[in-house]
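The structure is shown first, and the description follows.

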Amino acid sequence: SVGRKAFTMSERSPQSAKGFDAFINDERYRSVFYQILVFGLFIWAVFSLIDNTQTNMASRKMASGFDFLKNTAGFAIAWTPLDYKPQDSYLFVYWVGVVNTLLLAGISIVLATVVGFIVGVMRLAQNWLVAQIAAWYVEVLRNTPLLLQIIFWYLGAFANLPRPKQSLELFGIDWLILNNRGLYVPKPEMLELFWMTGVALVVGIILALWLNRRATKKQQETGEYVKTLLPTLLAVFGLPTITFFMTGMPLDWDLPTLKGFNYRGGGSILPAMLAVMVALVVYHSAYAAEMVRAGIMSVNKGQTEAAASLGLKQSFVMRLVIIPQAMRAIVPPMISLWMNVVKNSSLAIAIGFPDLVSVFMQTSLNQSGHAVEIVAMVMAFYMTVSLTISACLNVYNNKIQIQER
């Protein structure tokens with residue numbers, strides 16, 4: 001019986017220890033345990049930092065919390081597309097800064113990408129002069145600090161424009177005015193039925209995308225090239241135009257006119273915004289050009305030769321064969337470029353453009369004294385925009401990558 005009892009105990013002990021050994025030695029359980037431990041330590045560190053900050057602020061009798069966002073700002077903002085008044089709250093000032101920053105960064109991203117693609121293709125041109133001009137463009141702009149370029153465009157270009165009474169009429173048009181006060185353009189005033197034109201534009205874009213996708217699918221299946229330029233133009237521009245005229249042209253224009261020492265009416269863009277926009281575009285387009293050049297050069301030369309042997313035109317070879325394959329190498333670094341455009345737009349504070357950093361993290365912070373909350377809100381904005389850009393371009397990047405089977 002003693003031997004039988006010892007056998008039973010020896011038989012049970014490995015089984016009882018088996019679960020613990022599996023937890024300690026199994027990589028899956030161990031990795032989950034370490035992740036939970038690290039996450040717990042991170043949460044503890046965050047809450048400790050917040051508690052320590054609140055304790056120190058309370059001991060120094062410093063204001064804390066987000067209740068200040070309801071208070072009246074009491075200061076004017078030089079430029080914003082929103083209907084802002086000094087009587088509005090700090091929260092509205094925050095949204096003004098967000099809109100101004102997104103508008104500046106969005107336009108700069110689009111223009112920098114387009115210019116970068118053009119310059120990148122020019123660098124690979126067979127014409128020696130064209131290639132050298134593109135090369136000097138890239139080398140000079142990439143190796144010059146962005147802040148210096150912003151100041152140059154502001155003080156060296158837009159600040160030296162003529163005064164309002166000697167304004168420049170761009171393209172000879174008397175309602176497109178440029179002077180040292182800014183760029184003056186007509187301001188649209190939408191009437192009651194204009195929303196139908198907007199709906200027609202959305203429908204036209206969806207229709208154009210469907211037509212192009214259908215043509216691409218047919219080309220991949222049969223090899224037949226379907227021309228979609230004219231149907232796309234008719235869908236995107238023709239449908240909204242027809243709707244606009246059928247609804248009685250429900251749109252008026254407020255034109256800028258010279259009254260006294262300045263132009264009144266219409267819309268205007270500050271010289272500071274123009275300077276920052278030009279600097280962001282030319283600086284980041286130089287980097288985009290190198291990404292495009294590297295992406296095109298990553299495509300095997302045999303692809304070009306094979307496309308030419310099939311009788312494709314040179315423009316078709318670049319658009320249908322080279323660029324789609326090059327995008328797999330262009331998109332990943334382009335994600336960082338777009339995020340850098342958004343973050344570098346904060347340098348606009350150097351010349352007084354009212355972006356988020358200027359109106360909220362400078363003026364609002366100096367008036368309210370809520371440094372921690374304001375800095376946290378500004379950081380959250382830039383982080384959210386960067387993560388959104390990264391997520392959207394990663395979705396596109398995953399679609400264009402080669403799918404292994």
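Glu 290 and Arg 293 lie three residues apart in helix α8, about one turn of the helix; helices are DSSP runs (H or I, at least four residues) numbered from the N terminus. Their side chains meet in a salt bridge, defined as a side-chain nitrogen of Lys or Arg within 4 Å of a carboxyl oxygen of Asp or Glu. The model is predicted, and local features need pLDDT of at least 70, side-chain atom pairs pLDDT 80 or more, while totals for chains, interfaces and linings use all residues. Residues are numbered from 1 along each chain as its sequence is written, and side-chain values use heavy atoms, without hydrogens and water.

By this rule there are three salt bridges.

| Salt bridge | Closest N and O atoms |
|---|---|
| Arg 123 and Glu 290 | 2.5 Å |
| Glu 139 and Arg 142 | 3.8 Å |

Arg 123, Glu 290 and Arg 293 are linked in a network of salt bridges. Glu 290 is buried, at 15% relative accessible area, whereas Arg 293 is partly exposed, at 22% (buried is under 20%, exposed over 50%, partly exposed in between, with a 1.4 Å probe and protein chains only).

The axes of helix α4 (residues 128-142) and helix α8 (residues 271-297) come within 9 Å and cross at roughly 125 degrees; axes are lines fitted to C-alpha atoms over the stretch in contact, and angles run from 0 to 180 degrees between N-to-C directions. The two helices are therefore oblique to each other (under 35 degrees is roughly parallel, over 145 roughly antiparallel, 65 to 115 roughly perpendicular, and the rest oblique).
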